[in-house]
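Hello,

Here is the structure I promised to pass on. Have a look at it first, and my notes follow below.

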Amino acid sequence: MKNMPGDSAEDILTLRNVCKYYKDRKGSGHLLKAVDGVSFSVRRGETFGLVGESGCGKSTLSRVILQLEPVSGGSVAFEGRDFARIGRRELRAMRKEMQIVFQDPYDSIDPRMTLEQAVEEPMAIHRYDRSLRKTRIKKLFEDVGLPVNMLNRYPHQLSGGQRQRLCIARSLALSPKLLVCDEAVSALDVSIQAQILNLMCDLKEEHNLTYIFISHNLGVIKFISDRIAVMYFGKIVELASRNEIFTHYLHPYTCALLSAAPVLHPSMRRERMLLTGDVPNLYNPPAGCVFCDRCVYADSRCRSEAPVLRGYGEDRQAACHYAGELPLKVNWGGAPC
Amino acid sequence: MLNIFREYKMIAIGCFILSVILLTAVFAPALTSYGYEQVDLKNRNDAPSAAHLMGTDSFGRDVWTRVLYGARVSLTVSLTSVAVGLAIGAFWGLLCGFFKGKIDFAVGRVMDIFMSFPALLFSLLIGAALGPSILNMCLSVGIPLAPIFYRVTRGAALSVGEHAYIASAKSMGSGSFRTMFRHVLPNTAPQLFVVLSSSMGGAITAESALGYLGLGIPKPTPSWGMVINEGRQYIFDAPWVTGFGGLMVVLTILGFNLLGDGLRDYLDPKLKG
Amino acid sequence: MENNKILEINNLSVEFLSDGSVVRAVNGVSFSLKKGETLGIVGESGSGKSVTLNTILRLTESPSAVMRGEILYNGRDIFRMRKSELFKIRGKEITMIFQEPMTSLNPVLKIGGQIAETIYLHEHVGKEEANNRVLELLKQVELPNAGKRMDDYPHQLSGGMRQRVMIAMALACKPQILLADEPTTALDVTIQAQILALLRKLKREYDMSMILVTHDMGVIAEIAERVIVFYGGCVAEDAPTLELFNNPLHPYTRKLFGCIPRIDTQPNRLSVIEGNVPDPARLPEGCLFHPRCDRAAGRCRKEVPPLSEISPGHFAACHFSVH
């Protein structure tokens, strides 16, 4: 089973119309559509950025991709193999190939394990040879920049940055092909965040990784991603290469998101397009386009008919009825210096 | 081991108290010249003296002897019954807290029913159904303890399950049972230790209450509960009977509490290194 | 002493005793707040910025905390005030908003009632007047549907709306100083932009002074007139915002700017500050930044650099900073 024909394909992960619904806890029968009809492919070796505000479904999507939760509809295929169609054992083997790094490094390691045990655990689960484990642990510690003499320490003795390094070492233990980073640097201090981002760039080269990088921070996403998808309310509203999305945004929400980013310099303070209102109620989504309640360009068509994600040239997709026709402009407030 | 004692005074003191009590129970025959059912009607309710270290009870039996032999029964019953309660309660609590959903609902309702009985009544029912013997005693005291352990473990497991390290373990391919016993259970231990040491006292008291109602250990084997109860009628004439019996219970509970708290600290990685 | 300083902090230290070790959260901090000024305090975790802010209202008081120095509010030392005097200032003249709008509202009380309570606490007003004021406040903080929302419970509001309610509560008695502890950190960018715009507007309308603590240079750039950079419980740099961004003098500030991934550039690597943020329980000797500084010399390892005025209004605590 090692060498599937899909191995050579350019896409490592393919999502087709993935949905994840939750039942209302009060039992009213309403469905909470956390992820609703998401389709995209991640190419081997790229960093795929996923940006959106809280509650837009980006974390749920990561859990679905990793099979931590089953999909409610649609399919996820890794290297051409559909999760829904493979057996339990194969699924377990596939877990090796995909790993996740979580946001909070203080919460994602069992406090009762030493650092060595934490990194060894995945290899123990997948029955690696004992002597191989030891050498590999040392190698991983070096790779992520943790001193080897820390092996017998406990997680609480580490700083936030060191803990995140440990989480990364742990997730690399099984030599995965795909690493999902769910807000992996969001809880870190700026100076530490820069260290970890650089580290992730290095590791990607060394370990031939593909990243799905989830963040709400536009600066971080821009720094690390090759292609970026903007998520809003359970749907992808725009997907394009990094440079395109920051200059030729097609969706009004992307434009609003970019406008809201804090300025880089006090001389750039500006009037800007402020979104009114909040993210819509998850239990009571608007009919039509999910963004219509907050969109200044919305008309009757937007309120009745949901736009689909359509292509606009190579590597550019947007879900807006009027994509390309709107006078979208982010006021960056003077020349950045 | 010595290092542990030096660093964790509570463990040292707890172990000391418990081992003294345990040793006296084991070597009871060597520590007394009386038999535990040796009646001496001439010396009823005698105050403590050189002949009778802890005095005598209303039948003229030596209290020291009865306390020594009583430790055998009381320690066995309390330890075994807590173990029974812990095994049943913690297992189902862990299962329910981890898997949630239907199994949680089903087991939860059963536990609710168990809990709606007063523990003593419940013990009586079981005791009456099984008949008097040490093993049945342990069961009838232990089973009513299960819902408490269930509740605490389930609650702790639910909150531990929210941590990202559980999701992290699952994403590594760790199976349900491995995740449950390797990650969830050890992290519920602090909460468990608290109930563990306090239920030890409850078990000793429950045993004595059952003994009082005639469903305890078949007479004439003494237990602490029995000593305390028999002394109760003469509490103003011979307070030493109940007093020394009670003192042993208090010391034992103190020992377990110290040991429990100490162990909790010892197992906490945050207090290490 | 100048009259326009509404708040002056002199040589403030805060230490916490825990398990036999001393956590030196704030180490001799001095700065002042002018009337009508928006002061930004920026720093990483453990830099003492939040502790300093909380100490202004003596919220850090506890048996294990040792506080030294003075905090002069209109010339009177807050540390020497009696509790009754302090309670008159708290919530009336100096008010505070926190990072977590989820946990800083009481979940079992309606929001209108919670705001009214702050008013009753400090002023003798009738129920009707209090209600009218609450409605007015909620309109000022631009809570949509203010009239209806008054009877909502906190959980019925979104994060952004809760922060608006918190701000309304803080403004209820027309304070002189608003202290804001990471007010937008828990919010999304689009909501953050709304809240910052709101704070700017309200500061003007209420003619108050504001101290805003954050870890985000972007928030500073948006709203602050003057910035203080905290590092390891000390002031590393103190300058007007524009001056700080154009001409950072302390090596820490300088490097910090390089660490921030920006949306207008596309570097292959970010510049980094090696090492970790100092542990307040084990602070290094000499300059606190020297273990991470490229330019550290022998002097930096022994001698604590004083905060000195390098150019008019621009202070830095580094032996080697020159304009």
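Two strands count as paired if DSSP finds at least two bridges between them, with strands (E, at least two residues) and helices (H or I, at least four) being DSSP runs numbered from the N terminus. This is a predicted model, where local features need pLDDT of at least 70 and side-chain atom pairs count only at pLDDT 80 or more, while totals for chains, interfaces and linings use all residues. Residues are numbered from 1 along each chain as its sequence is written, chains are lettered from A in the order in which they are written, and side-chain values use heavy atoms, without hydrogens and water.

Let me start with strand 9 of chain C (residues 226-231). Strand 3 (residues 38-42) of chain C pairs with strand 9 in the parallel sense over four bridges, and C:Ile41 stands opposite C:Ile228 there. Strand 10 (residues 234-240) of chain C runs antiparallel to strand 9, joined by six bridges, with C:Asp238 opposite C:Ile228. Strands 9 and 10 of chain C form a hairpin with two residues between them, and C:Gly232 in the turn has a positive phi of about 55°. Six of the six residues in strand 9 of chain C are buried (under 20% relative accessible area, 1.4 Å probe, protein chains only).

Now the interface. The contact (heavy atoms within 4.5 Å) takes 42 residues from chain A and 47 from chain C. One salt bridge is counted between these chains (a side-chain nitrogen of Lys or Arg within 4 Å of a carboxyl oxygen of Asp or Glu): C:Arg269 with A:Asp202, their closest N and O atoms 2.7 Å apart. Helix 6 (190-206) of chain A is among the elements on the side that touches chain C, and gives the largest share, nine residues.

Enjoy exploring!

Note on methods: Buried means under 20% relative accessible area, exposed over 50%, partly exposed in between (1.4 Å probe, protein chains only).
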